[in-house]
Amino acid sequence: MRKKLLALATVGLLATVTMTACDDSDGSSDASSGNDGGGSGSGKARVGVIMPDTKSSQRWKTDDPKFLKAAFDAAGVPVEIQNAEGDRANFQKIGDQMINSGIKVLIIANLDSDSGKAVIENAKANKIPVIAYDRLIRNGGADYYVSFDNEKVGKYQAYGLINCIESKNIKNPVIAELNGSSTDNNASLFKAGYDSQLQPKYDSAEYTKGPDQSVPDWDNDEAGKIFEQMIQQQPKIDGVLAANDGLGNAVIEVLRKKGLAGKVPVTGQDATLQGLQNLLTGEQCVTIYKRIKPEADAAAGLAIKLFKGEKPSVTGQIKDPESGAYVPFVSLEPLQIDVTRVKDVVTDGFVTKKDLCAGKYAKLCTQYGVGVTPSASSDTADDK
Ligand code: GAL
């Protein structure tokens, strides 16, 4: 199964970008990474990276910075990685400080299009190429965009919800939708994906559309309050399309208080530790595993070539929904994860068995084969 998981994801990476491997220069890397906030950057020629926040999803705090730094260190290219901590003004301040202190390439995962666009405009004025990382800046004019097929993310979330509704034999379910932040272009792509599967079911009255709201800044506490109000106003909610694991967990906490957790299917995204544990208990239905290392490697690969003054060629493109411009796009494959595939995320090394199977989760891990080394035959069998 691991070979299939890896093969599936790798095909996605190779199918849309033609780029040479990262540079093998043996220059030592004195990457100044970490959130020094002061943006001193030492004026050294380097790549600047700005992450959006540390709360909306575990990935921005740990996974993305870890994989990005490793890719630049391996290529001996200096990098400075900072996190805007969810503050738009701080995002712009970090961008300006990086641009004014010698960076040669900028990678940004924006908080909203306005602050992202302001940073891109300053970068362009200083002839610094910008890579939109994971989130497209609407009408921003980034030089490259590296992300997943985000509509496919949404479709997989809907498939997971539909599978659970069918396996629980829930008839004419009322579906609530808890969407990502309206300032995040990804959230609109996820929604386009899941609504493409749910809307026909609303239209045919197989499903009933329930409350549908976006969660500002993906804030998990806010998500809990919104869902609390939803279920108060509409007590009959039979399924929840939650746009990522953080929102999903906020919903599950409300459902637990009402004795409904595990009875009302809930979705998620990001294959976080919390999300995978909620899958094991049956309180969450599906998460979407977006292998962050290939995403970070793809962005770093582009940045390293740009850092060396070369122009990477990218075969994919995406239309900016606001400007109509086509942006060179490296699109990666997401993976739909239900409880039977939690073990594959552990095998892939994204979460450890030690963390996932702690305490009450140990017996559930055993039940679902987490950490059991697939035998060669079973692996081969899976590959058929
Ligand atoms: C999206 C991103 C997701 C998740 C979410 C919450 O833009 O694609 O992976 O992290 O933000 O931050």
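Residues are numbered from 1 along each chain as its sequence is written. Because the model is predicted, local features need pLDDT of at least 70 and side-chain atom pairs count only at pLDDT 80 or more, while totals for chains, interfaces and linings use all residues; side-chain values use heavy atoms, with hydrogens and water left out.

**The sheet.** Begin with the open sheet of seven strands, ordered β3-β2-β4-β5-β6-β13-β12, with mixed pairing. Strands (E, at least two residues) and helices (H or I, at least four) are DSSP runs, numbered from the N terminus. Two strands pair if DSSP finds at least two bridges between them. Select 79-83 and 317-319: these are β3 and β12, the edge strands, and each has a single partner, so one side of each is left without a neighbour in the sheet. From one strand to the next, the twist averages 25 degrees (axes are lines fitted to C-alpha atoms, for helices over the stretch in contact, and angles run from 0 to 180 degrees between N-to-C directions).

Next select residues 103-108 (β4) and 130-133 (β5), which pair in the parallel sense over three bridges. Ile-107 stands opposite Ile-131 in β5.

**Two loop residues.** Most residues other than glycine have a negative phi. Select Glu-85, in the loop between β3 and α3; its phi is positive, about 55 degrees, although it is not a glycine. Glu-85 is partly exposed, with a relative accessible area of 45% (buried means under 20%, exposed over 50%, partly exposed in between, with a 1.4 Å probe and protein chains only). Asp-217 also has a positive phi of about 55 degrees, and lies in the loop between β8 and α7.

**Salt bridges.** The whole structure holds 25 salt bridges, each a side-chain nitrogen of Lys or Arg within 4 Å of a carboxyl oxygen of Asp or Glu. Select Asp-112 and Arg-88, which meet at 3.1 Å, N to O. Asp-112 is in the loop between β4 and α4 and Arg-88 in helix α3, 24 residues apart. Asp-112 is buried at 11% relative accessibility, whereas Arg-88 is partly exposed at 25%.

Move to Glu-177 and Lys-191, whose closest N and O atoms are 2.7 Å apart. Glu-177 lies in strand β7 and Lys-191 in helix α6, so the pair ties together parts 14 residues apart in sequence. Glu-177 is buried, at 0% relative accessibility.

Last, select Lys-236 and Asp-238, a salt bridge of 2.3 Å, N to O. Lys-236 is partly exposed at 43%, and Asp-238 is buried at 15%.
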